Amino acid sequence: MQKEGAKIGHSFGASVPRRETGEKITGAARYINDFSRPGLLHAKIAVSPHAHAKIKSIDTSKAWRIPGVKAVITGEYYPVLTGSPLADRPPLAMDKVRYYGEPVALVVAEEEYTAEMAALQIQVDYEVLPAVFSPSEALRIGAPLLHEQLAAYERSEQVYPEPGTNIANRTRIRKGNMEEGWRNSEQIVTVQVRLPQSDHAAMEVRCSIAEIKPGGKVSIHSASQSPYVIQKDISRYFHIPLQEVTVHTPLVGGSYGGKSAVQLEYLAYLASLAVGGRAVKLVNSRELDMVSSPVHIGLESTIKLGCTRKGKITAVEILHLFDGGAYSDRGPIMSRAGATDCTGPYRIGNVQCDSLCMYTNHPYSTSFRGFGHPELTFAMERAMDMMADRLNMDPLELRYMNAIGPGDTTPTQTLLNRSNIGDLPACIAKLKTMIHWNERPQIETNGHLIKAKGICCFWKNSNTPINAGAGAMIKFNLDGSIHLLCGAVEIGQGTRTALTQILAERFRMDDRKIEIRMDIDTDKDPELWKTVASRSTFLVGNAILQAADDAIMQLKKLASIVLQCPPADLDVGGGRVFRKNRPETGVAIEQIANGYTFPNGNTIGSQVIGRGSYAMRHLTFLDPLTGRGNPGPEWTVGAQAVEVELNTRDYTYRIVKAATVIDAGRVINPGFARAQVTGGMSMGLSLASREAFRFNPDGAILNRQFRTYKLIRYGEQPEYIVDFVETPHLEAPYGLRGIGEHGLIGMPAALANSLSAAAGVELNQLPLTPEMIWRTIHDSV
């Protein structure tokens, strides 16, 4: 397989247009909620008004009396527990509810408005139970238990719940000698941070359509990042042969991890089952999308950091309490990610970390862009800035001298090399120049306006399952063009276009001669684990190179007969197979891609179809006591900065500039790469400056629409500066590294560091609103 050192042609490294651009800008692109047909039924859910309550009874009689209602079901209709890594969540609540907005019943009707009206008529008699609304509260001895049967839940991944508590998972990291580390620490700082739950805020709400065909075959259409997981889970929980379940995913209107979870698909299937298999559509309203479906995880964290007087970090002790909400979903795995990369990209010999995923009576959490890393980075980078202040040291210099690199080990004791860690010092050096760090004071005062810069470093490992993999297939057409089949979902990131560039580079052909559909069909497309973790181009890209090599071998074998020479003497490029020593002698691919016919009519060969697959290599489980192991193939590293202007009269502020440098390995499509990183930076600044759920004392979300849940607006965007370092990752196609999530990761930390410098106080809680800054300065109670 050709990777590092391959000749880079015109396709790889070019900012070619996205394949779906025409459909999107003309409005022709179709998303799940655009699909309709005669006879399609509609479903709506009734949800809990309480955060924690026992279900005493459910009265559905009023709903049934509404004309057009075809089915009303509750949790007793199909009692099953779903979820990964812990099967702890019923599709519809049984016995009790555990968060405000939890689905308790489902109505199916001929019209959407009828289903919605009937859902409002469902009457539930609740007995309200004591609730817990923070991870630290949930950890206390005697706290109300959310899951009394925790010990009995089925486990599907490496996860360590603690029955009799609200701990869904605990990951332990033990590296080095903590006593020695503290003994060598001449300066110690301790910081406590808090990041609340928030929303994914994708433009497209979650939506699913289910139908059970007369022969028993189940068809699911879903806005999802995980069509193959949906297929497996529908088969697993409802006892349907896997080959009888087909999942279709067209273009997805944004996700950021929120549509990797499986939720509405279960409900849509149950709705179809209840009406004899008819097709049923279930689509969230914006309000339900925010409160009923899974959300972005929260964190409470304490970091104790030790350092010598000269700035060498000697020890760190960390306690992460992640707010996983009412059910586990990806929360336990995100808490594991918070442990495996807990130190940030720094060389630290003595590490102790306990990372816990806590059950609370908040909405349950699922994957979010960065997968626990924006949270762990915020905690670690606030500690780094406080240590630099304690040492009276340049915060950028402190990071540079402790930057992790080849020969160092991660918190899980994985040995690093140039390929799997890249070059963080180069990122820091480039950032320093980009933001003119030494050319202007870090803090500038002009009357009541204070300008300040804040910086941070970050890293991210993918934390995928050890067997995560992908397949790819390429089919040659009569004219020498190619159809590329793979399972990567297009969620707005441009992956499917970038994958055609990888294939075009391998064949040294025009990428416009490669066709790739934008929809996924699990019956036809080779499987991809999930379109998450910035792993699609890595996993599918490697599978594509395997498929390309398979096809090239077939082409050379056939051409060797036509050209009467050994296959080893041949090369492929420019739409031809030709002799290496005599390039003018060759045959066009279109003449042999579907077999070759000699002048006398004899035919050899047939359609060339290349197949390839790839799975993660050399990954291991983590030791449950020490965390030792290899959680992923490589770490993407980078450095970021934010410049703010703070108004000390009212503590409003303007974000002036934001900068990012990432070691991208090799950049496939510069336009895509910069857009991805810039989008992540904007999302990170929005998250840091204003986004958070506001709960009332009973656990109900108050800001459940975009009028009250504030997002960063166009006029508030700063100047964005993005650049790359390129240190190839040898295991990846052409040396690339994942960068889809990374623009977001350090933005909250960099913004907090800049505002802390401007305000002269330590700002350790998100979101960084003017009120929060004022209260930190003036009202410490």
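Two strands are taken to pair if DSSP finds at least two bridges between them, and helices (H or I, at least four residues) and strands (E, at least two) are DSSP runs numbered from the N terminus. The model is predicted, so that local features need pLDDT of at least 70 and side-chain atom pairs count only at pLDDT 80 or more, whereas totals for chains, interfaces and linings use all residues. Residues are numbered from 1 along each chain as its sequence is written, and side-chain values use heavy atoms, with hydrogens and water left out.

**View 1. Parallel pairing of β10 and β11.** Strands β10 (218-222) and β11 (245-249) run parallel to each other and are joined over four bridges. Within this pairing, His221 has His248 of β11 as its bridge partner. Four of the five residues of β11 are buried (under 20% relative accessible area; exposed is over 50% and partly exposed lies in between, with a 1.4 Å probe and protein chains only). Strand β11 is therefore largely enclosed by the rest of the structure.

View 2. Helix α6 comprises residues 227-238, and 10 of its 12 residues are buried. Among them are Tyr228, Val229, Ile230, Ile234, Tyr237 and Phe238; the buried set also includes Gln231, Asp233 and Ser235. The cover over these buried residues includes β10, β11, α7 (264-274) and β23 (520-521), where contact means heavy atoms within 4.5 Å. The expected span of a helix is 1.5 Å times one less than its number of residues; for α6 this gives 16 Å, and the end C-alpha atoms are 16 Å apart, which agrees. After α6 comes His239, which has a positive phi near 55°.

View 3. The three strands form an open sheet in the order β24-β25-β26, with antiparallel pairing. Because β24 (570-573) and β26 (586-588) stand at the edges with a single partner strand each, one side of each is left without a neighbour in the sheet. From one strand to the next the twist averages 15°. Axes are lines fitted to C-alpha atoms, for helices over the stretch in contact, and angles run from 0 to 180 degrees between N-to-C directions. Strand β25 (residues 576-579) pairs with β26 in the antiparallel sense over three bridges, and Phe578 has Gly586 of β26 as its bridge partner. Helix α15 (residues 536-563) packs on the sheet and touches β24, β25 and β26. The direction of α15 makes about 120° with that of β24.

**View 4. Nonpolar cores.** A nonpolar core is a set of buried Ala, Val, Leu, Ile, Met, Phe, Trp, Tyr and Cys residues joined through side-chain atoms within 4.5 Å. The largest such core holds 95 residues, of which Ile303, Leu305, Val642, Phe724, Leu751, Leu755 and Leu768 touch the most other members. Helix α10 (residues 373-391) gives the most to this core, with nine residues. Apart from neighbours within four places in sequence, Ile303 contacts Val189, Thr190, Val191, Val316, Glu317, Ile318, Ala379, Met380 and Ala383. A second, separate core has 58 residues, including Ile474, Ile516, Ala559 and Tyr596.

**View 5. Salt bridges between separate parts of the chain.** A salt bridge is a side-chain nitrogen of Lys or Arg within 4 Å of a carboxyl oxygen of Asp or Glu, and by this rule the count is 38. Lys44 and Glu112 form one of these, with the closest N and O atoms 2.9 Å apart. Lys44 lies in strand β1 (residues 41-47) and Glu112 in helix α3 (residues 112-119), so the pair ties together parts 68 residues apart in sequence. Lys44 is buried at a relative accessible area of 8%, while Glu112 is partly exposed at 32%.

View 6. The closest N and O atoms of Glu148 and Lys96 are 3.1 Å apart. This pair links the loop between α4 (135-139) and β7 (167-175), which holds Glu148, to strand β4 (residues 96-97), which holds Lys96. Glu148 is partly exposed, at 47% relative accessibility, and Lys96 is buried, at 8%. In the other pair, Asp385 and Arg399 have their closest N and O atoms 3.0 Å apart; Asp385 lies in helix α10 and Arg399 in helix α11 (residues 395-402). Both partners are buried, Asp385 with a relative accessible area of 16% and Arg399 with one of 0%.
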